[in-house]
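Subject: Handing over a structure

Hi there,

Here is the structure I promised to pass on.

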Amino acid sequence: MKKLATGVVDWLDSRTGIKGILHEALYERVPGGARWRYVWGSALVVAFMTQVITGIFLWMAYSPSTQTAWESVYFIQHEMNGGWFLRGVHHYMSSMMVVLLAIHFAQVVWDGAYRAPRELNFVLGLILMLIVLGLSLTGYLLPWDQKGYWATNVGTELASQAPVAGGAIKKLAIGGSSYGHHTLTRFFALHAGILPGSLVAFLALHLWLFRRHGLTPKQPIKNPDAMFWPDQMLKDCVAALGIVGAVLVVTVYTQGAELTAPADPANNYAAARPEWYFLFLFQFLKWFPGELEIWGAFVIPGLIVAYMFLMPWIGRTKPGHVLNVLVLAVLLGGSAWLTVAAVQEDTLAGSPDATFEESGLADTEANRNAFAASLDFLKAKRDAHFEAERVVDLAKAVGIPPTGGLALVYDDPYLQGPKLFKQHCASCHNYEPLGNGLGDYAEQLKEAFRPFLTSEEQSEYEQKLNNLKYPKYFRADAIINPAPTAPNLYGISNGTWMSAWLDPKLIASKHLLGYEGSPFVDGDMMTFVVEAHENDPNNENLDDDVDVAFRKISRALMEEADFPNYLLDDSEASKSFREEGRELIIGGLADVLDSGMSCVDCHKFHDEGDLGSAPDLTGYMSRQWLIDFIRNPADDRFYPDTNDRMPAFAPHDNEQLNQLDDKTLGLIVDWLRGDWVRPEDTVED
Amino acid sequence: MAKKNKSKKMSESAAATETSSGADRRSFVAIVAGGLAMMGPIGAGVWSFLSPLFRKSSPPEVRVALLDQVPADGRPYFFPVVSDRKDAWTQYSQQKVGAVYLIRQPGEEIPTAFTAKCPHAGCSIGYSADEEKFKCPCHTSAFALDGKRVNGDEEVSPRDMDTLEVKLNPIEVADGESVTEVLVTFVDYQTGHKEKHPTS
């Protein structure tokens, strides 16, 4: 066996000279013996190898186009076996590489290892450093998520300001006048082809020259020389293990690299920041307002890099070397300080819900501005995390359409509703859960069913509610208008909202018809509800009857709304309440109430009653009803004579002529009705 | 005849240096030929690589709002700019390509349009209603309601907010009423310069 192996090696050697090459590679003399301080260069090689290996496997799953980049990274991150780990290692190793570069560079300058005859190798090292930074810049964009997109956008906008050819450079870099498919194909070609290819070439030169000159021993040499193999190699390998191990730990600890929501060219991500090792540049730029920016972005960094290239020649003399070390210290110290300052500025407010008054900062305009900027940053970051989580959950639940992940964002009432409501509705309407429990569903349902259930059923129902898992995205956050001039729309179309209209206190509150300047305060509906409760001769008993009747009506209307809530009870008992409710609406109520009136005396309900004096209750608050209402509240079906200031948002058949197009209208209505995808829609039995 | 002699003479006189100068000449030709050979593929690549520089596009005229949606109260109203857009091979119909603020002073008929893209680094400018200021979240640029920088040249933004050309387009709707569309010529301006330059 051994003979066979030797035979194969000899055969190979006679044709390739492999023995000599291996000997050359491994038996390099290390003056003064192996030392830990010599491991940094080989650590960088290991880091790069890690990037090549993980990068190639990522490449096998990545697809560079605006409709597939985020989507394929989503798939890597959330669906592929260990994809999150692969991507995490690639991500964190890139940071590690920058740290190692800084150490390697600092050590070479400190030791004066750039002196003749090693000047050229120092220059090669700097070129390698620039290539690595280029790799990290181009890699940041590839997931095509909000963070990478907007951070890179700021970077390329800066590039466009470069003197003379800036505009052309930007166009060539992004493959057109705005970001698109070709930005990704170009960045990817750079990231996976040109830059690593050049890196390999320059690395080969760097190592070749390194071997030619030998390493720069730490003086004075105390120990006898040793060979690279195995003494230094052992230390190098231990260091490699430590570095890769550290990256693996961070990857597992953080559950891999972040993937924010799909890039949205129309929605700026205010918390876009470059990768942490570029933060110092970002912070540095803040010192150069307006036209001065080219100084911060090009001239000064350009001069610094030029100085770095000249270090070997400046460092030929002792004072020159001291100057180099001083410059190095200033650069590293300055970058560290700027990085800390950037983080501090962003996190000044502490939390997105903080207020300036509580912050304890001196009340100056500068402090207020800084605080507000930080608050904007933290809010944008929180919103982005929220949106990212939502879109990933949607992708898992319903899959990504061929148009890409961004369509998930734009077609989701849960994400779009609040934005659209703020834009179109919130200047009049409030969207706020009420103390009476328009807020908490479980409490409300318990309350709503109270009079109808036998005690046995009651406890069974409560059991069911107690076991109910509140799924994610169960309800939307409040959007508060403290002085509304129209009804509160929170929980619209659910049973409790319906019953609120029949509650004398609630209907008269600012949340329904008692808002500022309401023409309905003395209207028929208000009078009807108030009198139904007040003018009650037999007092409490009958009041209960009225209550029960109203509850049944609200149940019936909830069914009318085709309420998209899975809590709609399907028991025989509930069905019969709703049936009774319908009977009450079409006339039965007249027997319960003193006034002898029922709903259809004013409202239309299916075949009963007439249009004209009050809104149609047929399909009340159903999707179509709401859409028609918002299209034109003054339509015959709604408030032909008594509409209070609500604009007709979409009265025309041609959507181009409307304030709201059909899609937007649908999104608003779905959101108001709570009709959005809840990926963990589960009610436990 | 003379010519022949001359050339013969020349070759004789060059005979001493024949080896070195001939090798030089061949090296030179080799480099040129090899270089030329590579120019083919490189040229083909560079030619197509440069194509973004030769593609021109004209800014779209977009309907951003109806005039009714911009009351003449001196307050800014935010509207997305939705337009057809082509990205390499993908044709997007009606995509959000940017956003504008429309402001109409009391008595004015035509609103002023500001693009929401910050002239500093291209972030999207927000509006703070309680401070009555436009504020960019990225590098804290602030603009007054007329688009002027709050701190003038001290501001990080090199110029005031970019205005866009606005046109009004009245349309007769079927029932005899008419609505007025607000059309904006949506130009994407380069950031970072004192002057406005379109990106394409």
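Below are the conventions, followed by what turned up.

This is a predicted model, in which local features need pLDDT of at least 70 and side-chain atom pairs count only at pLDDT 80 or more, while totals for chains, interfaces and linings use all residues. Residues are numbered from 1 along each chain as its sequence is written, chains are lettered from A and ligands numbered from 1 in the order in which they are written, and side-chain values use heavy atoms, without hydrogens and water.

**The interface**

Chain B contributes 47 residues to its contact with chain A, and chain A contributes 38 (contact means heavy atoms within 4.5 Å). About 3700 Å² is buried between the two chains, with 53% of it on carbon and sulfur atoms; buried area here is the accessible area (1.4 Å probe) that two parts lose on being put together, summed over both. On the chain B side, the elements giving two or more residues are α2 (18-49), α3 (51-54), β1 (61-66), β2 (76-87), β3 (90-103) and β9 (178-185). Helices (H or I, at least four residues) and strands (E, at least two) are DSSP runs, numbered from the N terminus.

The count of salt bridges between chain B and chain A is 0 (a side-chain nitrogen of Lys or Arg within 4 Å of a carboxyl oxygen of Asp or Glu).

**A nonpolar patch on chain A**

M1(A), L4(A), V8(A), W11(A), L12(A), I18(A) and L22(A) make up a nonpolar surface patch with about 750 Å² of accessible area together. Such a patch joins Val, Leu, Ile, Met, Phe, Trp or Tyr side chains within 5 Å, from residues with over 30% relative accessible area and no salt bridge; areas come from the Shrake-Rupley method with a 1.4 Å probe, and for residues only the protein chains shown count as cover. The helix α1(A) gives the most, with 4 residues. I18(A) sits in helix α2 of chain A and is partly exposed, at 33% relative accessible area (buried is under 20%, exposed over 50%, partly exposed in between).

Leaving out residues up to four places away in sequence, L190(A) touches T138(A), L195(A) and P196(A).

In helix α17 (residues 413-424), the buried residues include Y414(A), L415(A), L420(A) and F421(A). Their cover includes α15 (365-398), α16 (405-410) and α26 (662-672) of chain A.

Best wishes

Note on methods
Patch = residues over 30% accessible without salt bridge, like charges linked within 9 Å, V, L, I, M, F, W, Y side chains within 5 Å. Buried < 20%, exposed > 50% of the residue type's maximum accessible area, 1.4 Å probe, protein only.
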